[in-house]
Amino acid sequence: MTDKRFLTPAEALNATVENGRRVLTQSLARTVLLSLLAGFYIAFGAQLATVVTQDAAVHVGQGIARFLGGSVFSVGLMLVVICGAELFTGNSLLTVALLHGEITWVKMLENWGVVLLGNLAGSLFFAWLMVESRLWENGAVGDQAVRIAAAKCAIPFGAALIRGILCNWLVCLAVLMATAARDVGGKMLACYVPIMTFVTSGFEHSVANMYFIPTGLLVAGARGTAEPGLSWGAFMGNVVPVTIGNVIGGVIFVAIAYWFIHLKKEGKQA
């Protein structure tokens, strides 16, 4: 008899419910530290994507360049899932535990608030570290960092909202698939495919943008140049709709949908 290599969707949902119970006993300090780590880990992937895509389009074309950027960006979620961290977008799946009657609205929203702020702090600190490292002076890395930030700030509110929905739909599917996987290789593949898909497609991730846009702003500031449309106000104008969209995508299209399919009849509130 061989060991089971993966969980069924229903079993993965039950594991998600069990994991969601952590918010009942997890200390604030632990949540803060884990959320800071998630900000760092997503920033590692974002920084790697910036380096890889700095001149790739010239050699392989725009589509393949985006595919390469998405492929390496996925390392961020791999670190979050395998090493352990609290990522705001992935924590949309706490809604499964809420609907199943295992946690309360207060506990879930408290976790979301702390984790979102922790992810932001981690992303901003990592952006500062990268700018102070002066690695952006190598090749066209700095130019690419500014281009990425400016492009994100130029996205209209409605488009940013929809791209946020589509992004976290895939991110939460990646987390659910990684929960179903029983070994490290399986978890890495589960993270890779959906994350590569969302980045290559051009969808928007709130925590990634908490690194991308501040980095572009800091690089432009270090150069003493002003990029049209790139400002801290524009940063908030991107992050707000993307965050709302991320919540909608993760909660409605993954958490609620799969809870209804697999767990509704079993729930305490059913």
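## Helices and ground rules

A helix here is a DSSP run of type H or I with at least four residues, numbered from the N terminus. The model you're looking at is predicted, so local features need pLDDT of at least 70 and side-chain atom pairs count only at pLDDT 80 or more, while totals for chains, interfaces and linings use all residues. Residues are numbered from 1 along each chain as its sequence is written, and side-chain values use heavy atoms, leaving out hydrogens and water.

## Enclosed spaces

Let's look inside. The whole structure contains 2 cavities of 30 Å³ or more (on a 1 Å grid, points where a 1.4 Å probe fits but cannot get out). How big is the largest cavity? Its volume is about 50 Å³, counted as the space filled by probe spheres set on the grid points.

The residues lining the largest cavity include Gln-47, Met-130, Trp-136, Ala-145, Tyr-211 and Val-219 (lining means having an atom within 4 Å of a point). Helices H7, H8 (141–153) and H11 (206–223) each give at least two residues to this lining. H11 provides the largest share, with 3 residues.

## The largest pocket

Now for an open space: the largest pocket has a volume of about 690 Å³ (a pocket has protein on both sides within 12 Å along at least five of seven lines). It is lined by 28 residues, and those closest to its centre are Gln-62, Arg-66, Gln-144, Ile-148 and Val-199.

Which helices build this lining? H2, H3 (56–60), H4 (62–73), H8, H10 (184–201) and H11 each supply at least two residues. The largest share, 6 residues, comes from H4.

## Aromatic pairs

There are 10 aromatic pairs in the model (ring centres within 6.5 Å; planes under 30 degrees apart are stacked, over 60 edge-to-face, the rest tilted). Take Phe-44 and Phe-126: their ring centres sit 4.6 Å apart with planes at 70°, so this pair is edge-to-face. Phe-44 belongs to helix H2 (28–53) and Phe-126 to helix H7 (105–133), so to speak partners from distant parts of the chain, 82 residues apart.

## Salt bridges

The structure has 8 salt bridges (a side-chain nitrogen of Lys or Arg within 4 Å of a carboxyl oxygen of Asp or Glu). Arg-21 bonds with Glu-18, with closest N and O atoms 2.0 Å apart. Glu-18 is partly exposed at 48%, and Arg-21 is partly exposed at 29%.

Arg-21 also forms a salt bridge with Glu-102, at 2.8 Å. Glu-102 sits in the loop between H6 (94–99) and H7, and Arg-21 in the loop between H1 (9–20) and H2, so this pair ties together parts 81 residues apart in sequence. Glu-102 itself is buried at 14%. Elsewhere, Lys-107 pairs with Glu-110 at 3.8 Å; both lie in H7, 3 residues apart, about one turn of the helix. Back at Arg-21, shared partners join Glu-18, Arg-21 and Glu-102 into one salt-bridge network.

Definitions and conventions: Phe/Tyr/Trp six-rings, centres within 6.5 Å; stacked < 30°, edge-to-face > 60°. Buried < 20%, exposed > 50% of the residue type's maximum accessible area, 1.4 Å probe, protein only.
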